[in-house]
Amino acid sequence: MSESRRRAQINDAMRADMDNAVLCWLATVDADGVPNVTPKEIFAAHGDDTILIADIASTNSVRNLSAHPKVCVSFVDVFRQKGFKVVGTARLVAPNDADFTQMSAPLRILTGGAFPIRHVIAVGVEKVSRIWAPSYSLFPERSEAELMDAAYRTYGVRPEPDVP
């Protein structure tokens, strides 16, 4: 995508869902056109138009990005059952690149030093779509709180009470 075209923006709703998502899913395509979708544990918004993803053990994703930099990233808040699908172009930032330290900084904070970061996958956001569980459409009379309660039951968990 040419830099003169306007990119989609990361808004507050996206940031909230990213903060509440445990994983994001990165879809790439190899040189033969075979898709690969893998979970990524360490990711963060960067500015208004970039998602940073840590390459911790992403050998296939990194190889695929060398052939085809177009990607799709999805993340969902599993309890609200809402999230976003992001289509964009990825750039691999290697440790010897001038901007690696700056680009990897928010990811290193998230790892707490527990994981090595081999590359940063910097995804320029080009298109954003809202995704949600079918229950939002199938049961429009149910509130988000009711749908969340159903998710808590499904997963066998309860939220911690708010502590002042």
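In the predicted model, F75 touches M14, D17, M18, A21, L23, C24, I51, G83, F84, V86 and I131, residues up to four places away in sequence being left out of the count. F75 is also among the residues with the most contacts inside the largest nonpolar core, together with I51, I53, V73 and V123.

Helix 1 spans residues 12-20, and its buried residues are M14, D17 and M18. These lie on the same side of helix 1, because the arc they cover around the axis is only 105 degrees. Each of M14, D17 and M18 is touched by F75. The cover over the buried residues of helix 1 includes strand 3 (43-46), strand 4, strand 5 (70-77), strand 6 (82-93) and strand 7 (119-132). The exposed residues D12 and D19 are carried on the face turned away from the buried side. At the N-terminal end, helix 1 is capped by N11, with a side-chain oxygen 3.1 Å from the backbone nitrogen of A13.

S58 is located in the loop that runs between strand 4 (50-55) and helix 2 (59-67). With a relative accessible area of 5%, S58 is buried. Leaving aside residues up to four places away in sequence, S58 touches K40 and R118. With K40 there is a polar contact between the two side chains, at 2.9 Å.

Terms used
Residues numbered from 1 in each chain as written. Predicted model: local features only at pLDDT ≥ 70, side-chain atom pairs only at ≥ 80, totals over all residues. Heavy atoms only, no water. Helix = DSSP H or I, 4+ residues; strand = E, 2+ residues; numbered from the N terminus. Buried < 20%, exposed > 50% of the residue type's maximum accessible area, 1.4 Å probe, protein only. Polar contact = N/O pair within 3.5 Å; in protein donor to acceptor, adjacent residues only side chain to side chain. Contact = heavy atoms within 4.5 Å. Arc of directions from axis to C-beta. Core = buried A, V, L, I, M, F, W, Y, C linked by side-chain atoms within 4.5 Å.
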